[in-house]
Amino acid sequence: LLGASVNVNMDSVTEFLKLLFLLSVHNGHTAVAGNKYNCDEQLVSALPQSSFSSSSELSSSHSPGFARLNRREGAGGWSPLVSNKYQWLQIDLGERTEITAVATQGGYGSSDWVTSYLLMFSDSGQNWKQYRQEESIWAFSGNTNADSVVYYKLQHSIKARFLRFVPLDWNPNGRIGMRIEVYGCTYRSEVVGFDGKSCLIYTFNQKLMSALKDVISLKFKTMQSDGILLHREGQNGDHITLELIKGKLSLLINLGDTKTHPSNAQINIALGSLLDDQHWHSVLIEHFNNQVNFTVDKHTHHFHAKGEFNYLDLEYELSFGGIPVPGKSGTLSRRNFHGCFENIYYNGVNIIDLARRH
């Protein structure tokens with residue numbers, strides 16, 4: 001972090017400096033509610049009635065606003081008009097939030113409870129994703145009576161504004177009935193938007209560069225199937241490029257001149273699929289000596305870079321969202337990124353925060 005700086009080469013990328021100011025940088029809530037390592041605040045109990053919605057309701061006294069854990073108002077919980085697998089209970093947390101646990105009850109003093117359910121989440125309330133665990137859609141075990149609380153700590157947290165409970169099974173001698181609570185904390189999010197014609201350039205201090213370790217992490221969201229996420233170039237045609245190609249992420253490491261690098265080490269690793277679904281996807285690239293770990297949404301590919309792979313052969317400049325000078329690496333046909341990045345870090349440096357402050 002010490003000595004890190006953001007600057008732009010004015011001779012070659014003056015226009016990109018102008019475009020930098022066109023980037024829509026949105027600073028999220030900087031104050032994190034509670035301790036980051038104790039992210040278990042009750043999120044539902046204080047929400048207004050308007051934050052609750054559902055597929056249907058049995059009556060006004062069974063409306064979704066009565067679905068708060070341990071409450072007895074109305075009929076004592078939410079019940080849909082018809083008990084089938086097409087019903088859902090939804091909450092709007094008001095802002096993107098880190099969700100770490102959920103809890104459910106049945107309807108107070110009734111025969112109505114849910115024995116299993118799915119959890120779905122969304123940033124927009126329209127484009128939904130199902131919670132997955134152990135590489136598959138996860139069905140949560142629900143309740144066995146009306147009033148006992150079943151608490152479930154999520155194996156990995158969810159970052160979302162909207163949460164939807166979808167009942168799968170319920171008491172055969174009753175109806176669907178639910179009261180819920182959600183636990184978590186405010187999620188710190190720094191987002192930068194790219195319009196397909198811009199890029200963000202980070203130039204760092206080469207004296208503080210470690211020859212042994214390099215770590216880049218970010219999240220991205222897009223509807224476009226193609227685009228450059230990251231590029232770094234060397235003096236002899238060496239370069240590292242992270243590119244979205246037909247909805248898959250491709251990490252290309254090219255060591256350039258085969259005379260200089262007789263092992264002819266060009267590495268191209270592809271991970272993920274359908275990543276242009278307008279959901280957030282996480283990327284982590286770790287380089288330790290010649291070991292490279294490439295992770296996309298918890299799927300990691302470990303490999304050893306062939307030849308004399310050395311980050312010190314590369315320039316001390318990273319571009320995010322595109323390649324600064326069109327055609328610099330024969331990449332005229334490649335498209336710049338069109339979408340959003342969140343929380344970009346390079347060796348612990350918060351790139352978006354630096355861009356915003358500078």
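Mentor: Two strands pair if DSSP finds at least two bridges between them. Strands (E, at least two residues) are DSSP runs, numbered from the N terminus. The model is predicted: local features need pLDDT of at least 70, side-chain atom pairs count only at pLDDT 80 or more, and totals for chains, interfaces and linings use all residues. Residues are numbered from 1 along each chain as its sequence is written, and side-chain values use heavy atoms, with hydrogens and water left out.

Trainee: What makes S16 and S17 a pair?

Mentor: Seven bridges join strand S16 (residues 239–245) to strand S17 (residues 248–254). The definition asks for at least two, so S16 and S17 count as paired. The two run antiparallel, and Thr241 has Leu252 in S17 as its bridge partner.

Trainee: Why are S13 and S18 called edge strands?

Mentor: The open sheet has six strands in the order S13-S22-S15-S16-S17-S18. S13 (200–203) and S18 (266–271) each pair on one side only.

Trainee: Why is strand S5 described as largely enclosed?

Mentor: Buried means under 20% relative accessible area, exposed over 50%, partly exposed in between (1.4 Å probe, protein chains only). Eight of the nine residues of S5 (residues 114–122) are buried, so the rest of the structure largely encloses this strand.

Trainee: How do you know that S5 pairs with S9?

Mentor: S5 and S9 (residues 140–141) share two bridges in the antiparallel sense. That meets the cut-off of at least two, so they pair. Tyr117 stands opposite Phe140 in S9.

Trainee: Which residue in the turn between S5 and S6 has a positive phi?

Mentor: Gly125, at about 85 degrees; six residues lie between the two strands of this hairpin.

Notes: Helices (H or I, at least four residues) and strands (E, at least two) are DSSP runs, numbered from the N terminus.
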